[in-house]
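Subject: Two-chain model, handover and findings

Hi,

Here is the structure I promised you. Please open it first, then read my notes alongside it.

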Amino acid sequence: MARTEVRMSGSGGQGVIMGTIILAEAAYEDGKQVAQCQSYGPEARGGSSKAETIISDNRIHYTKVKYPDLLLSLTQLSFDKYLPDVKDSTIIVVDSSIEVSEETKKAHKVYILPILDAAAEVIKNKMSANIISCGVVNEILHIADWDAIEHAVLNHVPKGTEESNLNALHYGAKMAREYSEN
Amino acid sequence: MAGKRFQVLQGNEAVVEGGIAAGMRFYSGYPITPSTEIAERSALRLPQVGGKFIQMEDEIGGIAAALGASMAGLKAMTATSGPGFSLKQENIGYAAIAEIPIVIVDVQREGPSTGLPTSPSQGDLMQSKWGTHGDHPVIVISPSSVQECYNETVRAFNMAERFRVPVIFLMDEIVGHLREGCELIPPEELTISNRRVDREFNGTLAYAVQEGNYVPEYAPFGSGDHFNVTGLFHNLDGFPTNDSEVTDSQERRLLDKITKRRDRIEKWEEVDTDDCEVMIICFGGTARAVEGAMDASHQYDSVKIGMFRPITVWPFPEAALHKILKHNKHLRQIIVAEHNDGQMILEVQRLVEGTVPVTHLGKIDGTTITPDEILEKIKEVY
């Protein structure tokens with residue numbers, strides 16, 4: 001695939017860093033080149049946190065993201081902070097608690113999905129919002145084969161939560177698919 | 001954790017894996033951002049391979065314990081960032097004069113003192129060479145990718161062992177915190193150097209050097225030989241002396257270890273340097289932005305950009321740069337890009353001697369140099 005840049009953002013503790021690591025590991029296992037970066041320090045504590053993964057079939061030279069191909073936000077604060085750094089073709093994925101202006105909806109392909117609610121109510125694990133997000137992103141961008149991404153998820157989730165996290169992954173994919181169809 | 005040959009790792013983590021592959025079995029230090037993952041992974045991995053990890057009371061204790069371990073025969077490493085690197089300087093000099101192999105990682109961060117803990121910088125370049133007082137030998141290696149963190153840490157240990165010198169692994173936050181794919185090449189497929197031991201030759205003279213060599217054979221401390229280890233100039237048995245002849249020959253030999261073996265120590269990367277019009281000189285993580293700028297410039301048919309990147313930053317690959325200057329008849333401009341206010345540029349200007357204009361692109365605000373900024377600079381000066 002051509003160089004594809006994903007930025008995930010949310011508040012500290014929502015696991016967006018882990019989400020981008022899982023995407024990177026999955027794409028690497030699938031034979032692609034990857035680079036993953038995250039914000040550290042005061043920026044990462046409370047407030048808004050962001051992490052990025054770049055995927056490409058070719059060697060990745062510059063490792064930072066300027067305007068992502070996909071911006072995913074789980075909180076209003078992080079969405080407002082990173083929305084200025086998008087290009088026309090940026091796909092936007094937000095949790096349904098986030099308000100998105102009509103102007104943004106017109107300018108971009110926007111997915112508004114109940115990611116946080118699904119984690120709490122369907123998966124019954126608030127900590128799975130990042131895994132649901134991975135499912136959403138992979139459904140939209142086809143970063144890695146589903147086997148590779150399942151494997152990457154299992155590498156990182158605590159014992160005893162394997163099944164619910166795999167459900168979270170596929171639930172995310174389903175939400176994205178159904179949203180596209182409607 | 002070691003397991004798979006191909007893994008997505010952070011630069012900091014790859015340093016530990018490279019170290020273990022090279023034979024590192026001792027790590028002591030005091031954690032500090034942005035180097036902390038090196039201590040964390042060492043704590044996890046060393047016990048798995050029969051090694052030791054110890055967190056010391058401070059950075060000075062960190063390097064001191066590693067020096068002790070190395071004298072006793074283990075390959076040892078410590079890691080830190082600028083504030084800790086300043087504290088370790090005294091013992092870097094001690095390693096130089098007592099000829100103790102050690103790898104010291106400095107993952108640089110912005111500013112003097114505690115500065116900006118999580119932001120990239122390359123402001124310790126000159127400190128890595130001159131930070132400890134007195135004329136002393138030192139080798140400094142700076143990686144620009146996660147794979148290079150792995151491979152070059154192996155080389156850092158090899159150099160430390162072969163030349164019995166402190167080797168400084170000069171990283172920046174860009175590479176230290178970057179996650180990329182990395183091939184964990186197993187030790188049996190790597191060249192691994194070990195310090196030479198020849199007890200028959202040395203006898204009781206721990207610092208005796210064989211004819212034609214510059215490095216004494218290593219006497220394992222605590223294995224029965226009586227010798228002294230000191231920061232003072234010393235005789236062949238390690239005991240202090242004020243003799244000017246001994247001092248001169250010892251100091252010269254310490255420096256010759258590096259200067260007479262430059263060809264085995266220097267390492268660099270060249271991209272399109274034979275016919276570029278603008279050559280960018282950079283090191284460490286900055287190279288990734290330079291490569292990004294070169295990618296972007298290929299899209300337009302504009303000025304031809306080349307890159308010269310020292311991987312061994314000290315000693316600086318002088319001969320390689322001179323060769324480019326001599327053979328590239330198209331070269332009109334050199335830009336030195338680095339995350340500091342002008343350090344490598346001093347060395348470049350010294351070597352270029354005014355034959356080609358040299359400009360600086362520096363950044364000291366804690367953000368990274370971008371490909372756009374490099375292209376802007378090229379437009380401005382060319």
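Let me start in chain B. Strand β14(B), residues 333-338, is joined to β15(B) by 5 bridges, and the two run parallel. One pair to look up is I334(B), whose bridge partner in β15(B) is V358(B). Keep in mind throughout that this is a predicted model.

Two helices pack on the sheet. Helix α11(B), residues 286-299, touches β10, β11 (278-281), β12 (305-310) and β14 of chain B. The direction of α11(B) makes about 165° with that of β12(B). Helix α14(B), residues 371-381, touches β11, β12, β14 and β15 of chain B. The direction of α14(B) makes about 150° with that of β14(B).

Now the sheet itself. It is open, has 5 strands and mixed pairing, and its order is β10-β12-β11-β14-β15 in chain B. Which strands stand at the edges? They are β10(B), residues 268-271, and β15(B), residues 358-362. Each has a single partner strand, so one side of each is left without a neighbour in the sheet. From one strand to the next, the twist averages 20°.

**Chain B overall**

Chain B has 14 helices and 15 strands. Its radius of gyration is 21 Å, close to the 21 Å that the globule rule gives for 382 residues, so chain B is as compact as a globular protein of that length. The C-alpha trace of chain B spans about 70 × 50 × 40 Å along its principal axes. Of its 382 residues, 52% count as buried. Take the contacts in chain B between residues at least 6 apart in sequence: 76% of them join residues at least 24 apart.

**Where the chains meet**

Look for A35(A), whose bridge partner in β9(B) is E180(B).

**Chain A overall**

Chain A has 7 helices and 6 strands. From the N terminus on, its elements run β-α-β-β-β-α-β-α-β-α-α-α-α. The radius of gyration of chain A is 15 Å, close to the 16 Å that the globule rule gives for 182 residues, so chain A is as compact as a globular protein of that length. Along the principal axes, its C-alpha atoms fill a box of roughly 40 × 40 × 40 Å. Of the 182 residues of chain A, 50% count as buried. Among contacts in chain A between residues at least 6 apart in sequence, 63% join residues at least 24 apart.

**Strand β1 of chain A**

Is β1(A), residues 4-11, largely enclosed or left open? It is largely enclosed by the rest of the structure, because 6 of its 8 residues are buried. β1(A) pairs with β3(A), residues 48-56, through 8 bridges, and the two run antiparallel. There, the bridge partner of G10(A) is S49(A) in β3(A). β1(A) also pairs with β4(A), residues 70-73, through 4 bridges, and these run parallel. In that pairing, S9(A) stands opposite S73(A).

**Two helices of chain A**

Helix α1(A) covers residues 16-29. At 1.5 Å a residue, its 14 residues should span 20 Å; its end C-alpha atoms are 20 Å apart, which agrees. The helix is mostly covered, with 14 of its 14 residues buried. Just after α1(A), G31(A) takes a positive phi of about 95°.

Helix α5(A), residues 129-141, has 13 residues. It reaches 18 Å from its first C-alpha to its last, close to the 18 Å expected at 1.5 Å a residue. α5(A) is mostly covered too: 12 of its 13 residues are buried. Among them are I131(A), C134(A), V137(A) and N138(A). α5(A) is followed by H142(A), whose phi is positive, near 50°.

Best wishes

Terms used. Residues numbered from 1 in each chain as written. Chains lettered and ligands numbered in written order. Predicted model: local features only at pLDDT ≥ 70, side-chain atom pairs only at ≥ 80, totals over all residues. Expected span 1.5 Å × (residues − 1). Buried ≥ 20, exposed ≤ 12 C-beta atoms within 10 Å, placed from the backbone. Pairing = 2+ DSSP bridges. Axes fitted to C-alpha atoms, helices over the stretch in contact; angles between N-to-C directions. Contact = placed C-beta atoms within 7 Å. Rg over C-alpha atoms; globule rule 2.2 N^0.38 Å.
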